[in-house]
Amino acid sequence: MSGQPKEELCVASNEELTNPQYYQRLWQAVRDQNIHRRCWLDAIADALRDYEGAVYWTCRLEYDIPEIDETFGDDPEVRWLGYYLQADETGAAPKRISTKLERLRLLDLYFRIRHPNLAAGFIT
């Protein structure tokens, strides 16, 4: 045993995920990752599998990470993500806003694990 404290992180709150600036930054980060929409579920699963720390809600209650396949549904084409990634006519903003908060939370969690410095920039 190394004596090192176990790493901890908190998942995004509903308030964060529905904040327009936060949503925009998460959306842009997902687009910039250059991960094909069909590969995102594996990327999230890999990040969660490799993470050795604890995951909490902001109130310090342990977060029960949902099954990825259940959260994203039975859609091998991952169409939701394709729709989520669409830009408006300017190309600089999302075409539509998703209300699937648990899906957004898992995308956000991916960044908190794999790209914490980038995820820190989501907060307004």
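Is F72 buried or exposed in this predicted model? F72 is buried, with a relative accessible area of 7%, where buried means under 20%, exposed over 50% and partly exposed in between (1.4 Å probe, protein chains only).

**View 1. The aromatic pair of F72 and W80.** The ring centres of F72 and W80 lie 5.7 Å apart with their planes at 65 degrees, so the pair is edge-to-face; rings of Phe, Tyr and Trp (its six-membered ring) pair if their centres lie within 6.5 Å, and planes under 30 degrees apart count as stacked, over 60 as edge-to-face and the rest as tilted. W80 is buried as well, at a relative accessible area of 13%.

**View 2. The aromatic pair of F111 and F122.** F111 and F122 form an edge-to-face pair, 5.6 Å centre to centre with 75 degrees between the planes. F111 lies in helix α6 and F122 in the segment after α7 (116–120), so the pair ties together parts that are 11 residues apart in sequence; helices are DSSP runs (H or I, at least four residues), numbered from the N terminus. Y22, W40, Y110, F111 and F122 form one aromatic cluster.

**View 3. The packing of helices α3 and α6.** Helix α3 (residues 40–50) packs on helix α6 (residues 101–114) at an angle of about 50 degrees, with the axes 9 Å apart, the axes being lines fitted to C-alpha atoms over the stretch in contact, and angles running from 0 to 180 degrees between N-to-C directions.

**Notes.** Residues are numbered from 1 along each chain as its sequence is written. In this predicted model, local features need pLDDT of at least 70 and side-chain atom pairs count only at pLDDT 80 or more, while totals for chains, interfaces and linings use all residues, and side-chain values use heavy atoms, with hydrogens and water left out.

Methods
Helix = DSSP H or I, 4+ residues; strand = E, 2+ residues; numbered from the N terminus.
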